[in-house]
Amino acid sequence: MSATFLGMPGNFPQNASQAVQNSQLRYNLRKATHTIRGKRAGVVAELPDWHELRAAGKAIKDHTLRNLDRYLVMMEEAVTRAGGTVHWARDAAEANRIVTGLVQATGEREVVKVKSMATQEIGLNEALAEHGIEAYETDLAELIVQLGDDFPSHILVPAIHRNRSEIREIFLDRMPKVPENLTDDPPALTEAARLHLRERFLRSKVAISGANFMVAETGTLVVLESEGNGRMCLTLPETLISVVGIEKLLPAWRDLEVFLQLLPRSSTGERMNPYTSMWTGAVEGQDFHLVLLDNGRTDVLADEVGRQALRCIRCSACLNVCPVYERAGGHAYGSVYPGPIGAILTPQLRGMSSELDASLPYASSLCGACYDVCPVAIDIPEVLVDLRSKAPHPAAERAGMKVAGWILDDHERLARAQRLAGRLRGLLPRRLPGPLSAWTDTRDLPEIPAQSFRDWWEQGGRDERA
């Protein structure tokens, strides 16, 4: 099971209602998402074959998912030939147990981490802490979140909800050896973080990473990042442990050509990623371990509609155009995967037994903007509607749907119901009573006409139209 942020209220509507009261949060989110959205639109428009690239990315991912068992075995064999060790983790508990054991075997009590939403998903930092092992995030935004005892709120920019002044205060309060005259100028903040992280890189013997892609043909792992911290984390430590979801697989080396165009443009609005690191097995004497994580992905794969969520390449484009995310922020989703993709991925990975997970498919206006910008054409609205049909519904709602289905199933019953509603229209309240009141809390009850279209037509209305 993937981790739920501790301290989260019961469901998305409750979380969102609190978040929208925070004007600073709304300002931070709007400014950041609109900036990234504009950059993305500009670089995407430069490519005349963008739609063909998008279709190619979708096709490659679908082919991989249909043949995932074969390509996973191919990946294991390639990594093993290159001197690495592959571990299989069915769930979060098994993955945490494997990683903790590997770190303990080195005798080290601290690790550096980079580029791994999968480890956030399984709550690895907390699992390591229970065994006296300290995990240090090295991505700048993840570092800000960690120092501030906070939670990530965006896939690409985890600290998007923080502004420069807030980051300065966090650094002054929690980061050792920071100059007291530190300003909120971005270069100054970056330099303070660089000096802090350099010490970690030089002394840490164990690193934990994720990966954007894995290439089954060669056993290669690929990490894309913008700061260079990932390069330090991947190369300096003596032991490297990569925790990667099984859906990150690509069949062949040539497939990278498609995704190395799709991902930078969709995520950071750049033509090319600043730092792209690739490694195959144990390199330069480094001890390398790959942990292949399932944690609900096989169940998602079995769902004919929902499996398309596994095509996701974590670009965050859907978050940056979503009107719901822009106002509610990422914390409202109560998961490491916020926004539209989180609204469909999290309930599938965790199931919808909790109040929070059952509410996530409703965290959308179904406007379709997320589908329009997705670089691998995930039809998020389609999956949202499908999940809503599977979510638990109150007894009154289920009864109402059964009655509606019974009436709509027969045209004579429908005609009688329409005539009765027309006669009683003056008695109907503007707000529905009891458990039905939630529907009219956010919308008006439509006016019921005195005459149904069916009766109007039979009484000569068609002649009037002629």
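## Burial and overall build

Of the 466 residues in the protein, 50% are buried, where buried means under 20% relative accessible area, exposed means over 50%, and partly exposed lies in between (1.4 Å probe, protein chains only). The model is predicted: local features need pLDDT of at least 70 and side-chain atom pairs count only at pLDDT 80 or more, while totals for chains, interfaces and linings use all residues. Residues are numbered from 1 along each chain as its sequence is written, and side-chain values use heavy atoms, with hydrogens and water left out.

The protein contains 23 helices and 10 strands; these are DSSP runs (helices: H or I, at least four residues; strands: E, at least two), numbered from the N terminus. Along the principal axes, the C-alpha atoms fill a box of roughly 85 × 55 × 45 Å. Among contacts between residues at least 6 apart in sequence, 74% join residues at least 24 apart. A contact means heavy atoms within 4.5 Å.

## Surface and charge

The accessible surface comes to about 22,200 Å², and 54% of this surface belongs to carbon and sulfur atoms. Such areas come from the Shrake-Rupley method with a 1.4 Å probe; for residues, only the protein chains shown count as cover.

Leu 202, Met 232 and Leu 236 make a nonpolar surface patch of about 280 Å². Patches consist of residues with over 30% relative accessible area and no salt bridge; like charges are joined within 9 Å, and nonpolar side chains (Val, Leu, Ile, Met, Phe, Trp, Tyr) within 5 Å. A salt bridge is a side-chain nitrogen of Lys or Arg within 4 Å of a carboxyl oxygen of Asp or Glu. Leu 202 is located in helix α10 (residues 186-203) and is exposed, because its relative accessible area is 62%.

## The loop between α13 and α14

Leu 310 belongs to the loop between α13 (297-301) and α14 (317-321). Its relative accessibility is 3%, so Leu 310 counts as buried. Leaving aside residues up to four places away in sequence, Leu 310 touches Lys 61, Leu 65, Glu 247, Arg 297, Val 300, Leu 301 and Leu 345.

Ser 316 is found in the loop between α13 and α14 as well. Ser 316 is not a glycine, yet has a positive phi of about 75°. With 2% relative accessibility, Ser 316 counts as buried.

## A positive phi at Asp 149

Asp 149 lies in the loop between α8 (140-147) and α9 (164-174). Phi of Asp 149 is near 50°, a positive value in a residue other than glycine. Asp 149 counts as exposed, because its relative accessibility is 59%.
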